[in-house]
Amino acid sequence: MGETAHTAPLPHADTHLRTPKHTPAQSNPSSSQPSSGLAVLDGSRGDCALGRDRDAVQPGIFGPSRMPTLKDAPYAENSNDSAWLSNADRPLTGYERVFGTIGTQRSMRTRGAVEDVAAMADRGGLTVRDLQRQQFADRVPAADLAGDDVVRACAALPGGTARGTDGREVDVRESCAVLARWDRTMDTDSRGALLFDRFWRRLTAEAGTQLWKVPFSAADPVRTPRGLDTSVPAFATALADTVTELRTAGIALDSRLGEHQSVERNGERIAVPGGTESLGVWNKVEARWDPARGYTEVSTGSSYVQAVGWDGSGCPAARTLLTYSQSSNPNSPYFSDQTRLFSGERWVTSRFCEKDIRSSPALKVVRVRER
């Protein structure tokens, strides 16, 4: 059973996805890779020449024996991260640095996805419907990890105020109540999601390594770091600045996410569910922020999504979505059709076997004969 809901971006309808070329093997890969993880080949050095692995399908690329491999595991998951935690119970090691880091802190999205996929594997009996539900669960792992701490610390602020970066005192009592009621999802109808999203971006940017009480441990990579440190000055400052930011843009603190996170198609706004990487949301979505108006357009996130499995009939059961729709032509009926489906958390039934094709309500048969 396969699922690719969390591995690719959602561009505008007129954007083409490009996959990076496979990085060539090197005789000494670590000597030419900066800390950012980007592979850079120095053409003036002989030790940066392309390598030749005996089991490679062609010279210049890595052979399978040097790639990270996971076999006979109950699950495998990757959320645009290193291969190290494809399965948290069986961390992969010993591969080249170009395939990702080993023993380093994972993204919040990887941590949340590992939790969700491992739980599905433990339950067993996985179905395509389970994958469909997972795609649109829109759970916020960052909120599950820190939400209670945020609400408590917010309610405990003296006088219900916090000082922003401009030095002004801001009444944040309403934000405390909104966050306490928030369902901790990034669904389009979720109230409080936008507030937490903007707050979390500021807090993580300002607090840095001081954000957590329990630091990262390679021995417990899914559960660490944890324990939000709300005593750091960045906490109150981020909250005050977020409240000011939303009010300046004329956005109610308890507004629905879909009222602001959307795309425009032929003059109509279409709400888009999902959230950003640092929130840990499986259904990754990123929108542009305009200080005067708030989010103006979703620019990246989930793109081609599929949930595929077999139910014993011999024909694959497949549900798919092309979130930015099939056509970039505004006059086409396919300009926004699947974007609307994505907004409504609905799917396209892909039909492979003859009986499934014939049962499609949209089937049209054209018979061609020679004259």
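Which residues are buried in H6? The structure examined here is a predicted model, in which local features need pLDDT of at least 70 and side-chain atom pairs count only at pLDDT 80 or more, while totals for chains, interfaces and linings use all residues. Residues are numbered from 1 along each chain as its sequence is written, and side-chain values use heavy atoms, with hydrogens and water left out.

The protein chain comprises eight helices and twelve strands; helices (H or I, at least four residues) and strands (E, at least two) are DSSP runs, numbered from the N terminus. Its C-alpha trace spans about 80 × 60 × 45 Å along the principal axes. Of its 371 residues, 47% count as buried, where buried means under 20% relative accessible area, exposed over 50% and partly exposed in between (1.4 Å probe, protein chains only). The accessible surface comes to about 19400 Å², of which 49% belongs to carbon and sulfur atoms; such areas come from the Shrake-Rupley method with a 1.4 Å probe, and for residues only the protein chains shown count as cover. Among contacts (heavy atoms within 4.5 Å) with a separation of 6 or more, 60% join residues 24 or more positions apart.

Helix H6 covers residues 233-248. The buried residues of H6 are Ala-234, Phe-235, Ala-236, Thr-237, Ala-238, Leu-239, Ala-240, Asp-241, Thr-242, Val-243, Glu-245 and Leu-246. Because twelve of its 16 residues are buried, H6 is largely enclosed by the rest of the structure. The cover over these buried residues includes helices H3 (141-155), H4 (173-181) and H5 (193-207), together with strands S2 (161-163), S3 (169-171) and S8 (285-290). The end C-alpha atoms of H6 are 23 Å apart, in agreement with the 22 Å that its 16 residues should span at 1.5 Å a residue; the expected span is 1.5 Å times one less than the number of residues. After H6 comes Gly-250, which has a positive phi near 75°.

Strand S8, part of the cover of H6, pairs with strand S9 (residues 294-301) in the antiparallel sense over six bridges; pairing requires that DSSP find at least two bridges between two strands. S8 and S9 form a hairpin with three residues between them, and Asp-290 stands opposite Gly-294 in S9.

On the surface, Ile-357, Leu-363 and Val-365 form a nonpolar patch with about 230 Å² of accessible area together. Patches are made of residues with over 30% relative accessible area and no salt bridge, like charges being joined within 9 Å and nonpolar side chains (Val, Leu, Ile, Met, Phe, Trp, Tyr) within 5 Å; a salt bridge is a side-chain nitrogen of Lys or Arg within 4 Å of a carboxyl oxygen of Asp or Glu. Val-365 lies in the segment after helix H8 (354-358) and is exposed, with a relative accessible area of 55%.
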